[in-house]
Amino acid sequence: MTTTDVEEKKEDLDRKSIPTTEDLPKQPKGPVEQIANWFDTRLGLSYPFLRDAPAYSINPFYWLGALTVVAFIIQGITGTMMMLYYVPSPAQAYSSTLYIFQSVSYGRFLETVHLYTAYAMIVLAFMHMMRGYFVSVYKKPREAMWIVGMLMGFVTLGFGFTGYLLPWTVVSYSATHVGVGMISALPQPFSRFLTFLIEGNSGDSGTLLRFYDLHVVVLPAVLLLLLLTKMYMLEAQGISPPAGGLESTPEKMKKLIPIFPDVTFYLVELAALFGSAMLLISAVFPLTLPPQYSPAVAGQYISQPDWYFLWVYQILKLQVFETAGLPVALSVVTLILIVLLLLPFIDRSETRSIGKKMKFVTLGAIFVAELAVLSVWGYLTPGHVIPNEQGGLVLGGTALLVILGTVVTYRIFARARKSLGMKATPKAQPTTQPLTRSASLWTAMSFVVLLGVATFAISGCISSAVGLIVQGMSSSLIETLVLSLAGLAVSVLGIVYFLYRLELNSGTLKRRIKVFEIGWKDE
């Protein structure tokens, strides 16, 4: 090898050792990218510890759980600041809260943010649960994640219940007293365990201290543990696909987006919007501290729980559930919550499409509508016992209207899809006799009558069934129950009959029932 060859080889090695422009990492251009790159290079945020998110998940409804966590963080920050001044004893609880309101800088604003964010946390948790219900996120293999999420929802309600007593106002004390009474009427062993957990045997001072410990120590620890468990499951299972399935999702929406900085910045934007809204609402609508609790002052107020438990309390105010019927009503409420908890093992079908799950969508819509109606109704009728007829009319009417609305909505969408699918095909000749205008009017009037009959029949069924459970066997109650069931059966049969006749007129039926076609003549 000549000297010239050695020098050329040395130059080649030097050239390879010097990085070119293509070898150097691309420098971020904008200020946001520079900040993100600074944190990434020092903290390793882009290291694949968390899953990347698909593009279809960049939607606020996919991150309602994350916003609930943001509300919990705000709760922790504001609650820690208030702990510096609050004293958990009946003698000083109200005075220390009043001191925060009047003497601490921005203390009233701090209390307002804490309360409103707690309310927002409950609302977001409920929205998160109902979205998961309607799009069936509890399907295999996410059954355990649903159960953990439901437990987190119960803990969130526990935060509201335990924290409401701490200011020791006449409103909070009276509401908590009602809540404890509701818990004591729960089925055993839930009643005994929960009553001992929150009250103990030490009077007001022991109860307040237990509520304080549960609110600031036990429940946050339980929620954090459940949150870590759910986050681990989320990383193991990934974000749930759209309800329509990945097959119908465009390819660009399946593209994975890096968790940092893209998804992280998106979540920061959502958190900033949520936090700003809470701050603005708190500034515009500040709290007013009610009077301190005392037996004399409490007699001037109507005891009623806070709004997120009003729906349960309104059920208990129905005349049929008064006194001895309370355990029956609370057993029904407990059963509903258990069904929601175990929903993944009840709905075993693989279908997730909302368009193919009319029964479950209808039940969910009834649940939401009844909760809203009961809450507003309870707010408007504080301390009033609700007659059975009125309760049956309101609750039964709400359920029947939701059922009718859901059926009509599904029929409209079904016909729209069918018309779009048959748009390119020649129009088929009608094979059935169209309804006349007078027949349509007669059908609508019959629907109204049947809805009214079914509403009163439901009321009679509930009243007589609870009466039999509480009072024992009685010939009059049995007669009422039989007549109510018969009326309900006739009403349901009539509603189904008229729906069938309407579908028969449209010519879209796939299965014919000859009994329902008496008097109908095909062309």
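Guide: What follows is a set of questions and answers on a predicted model.

Visitor: Why is V263 called buried?

Guide: Its relative accessibility is 1%. Buried means under 20%. So V263 counts as buried. V263 is found in helix α11, residues 259-284. It touches A53, I58, W63, I257 and P258, leaving aside residues up to four places away in sequence. The C-alpha atoms of V263 and A55 are separated by 9.5 Å, though the two are 208 residues apart along the chain.

Visitor: What makes E251 and K254 a salt bridge?

Guide: Their closest N and O atoms are 3.4 Å apart. The cut-off is 4 Å, between a side-chain nitrogen of Lys or Arg and a carboxyl oxygen of Asp or Glu. So the pair qualifies as a salt bridge. E251 and K254 are three residues apart in helix α10, so about one helical turn separates them.

Visitor: Are E251 and K254 exposed or partly exposed?

Guide: E251 has a relative accessible area of 61%. Exposed means over 50%, so E251 is exposed. K254 is at 29%. That value falls between the 20% and 50% limits, so K254 counts as partly exposed.

Visitor: How many salt bridges are there by this rule?

Guide: Three. One of them joins D347 and K139, at 2.9 Å from N to O. D347 lies in the loop between α15 and α16, and K139 in the loop between α5 and α6, so the pair ties together parts 208 residues apart in sequence. K357 also forms a salt bridge with D347, with the closest N and O atoms 2.9 Å apart. Both K357 and D347 lie in the loop between α15 and α16, so this pair ties together parts 10 residues apart in sequence.

Visitor: What makes K139, D347 and K357 one network?

Guide: Salt bridges that share partners join them. K357 is at 7% relative accessibility and counts as buried. D347, at 4%, counts as buried. K139 is buried as well.

Visitor: How do you know that the buried residues of α4 lie on the same side?

Guide: They are A93, Y94, S96, T97, I100 and F101. They cover an arc of only 165° around the axis, which puts them on the same side of α4. They pack against α3, α5 and α9.

Conventions. Residues numbered from 1 in each chain as written. Predicted model: local features only at pLDDT ≥ 70, side-chain atom pairs only at ≥ 80, totals over all residues. Heavy atoms only, no water. Buried < 20%, exposed > 50% of the residue type's maximum accessible area, 1.4 Å probe, protein only. Helix = DSSP H or I, 4+ residues; strand = E, 2+ residues; numbered from the N terminus. Arc of directions from axis to C-beta. Contact = heavy atoms within 4.5 Å.
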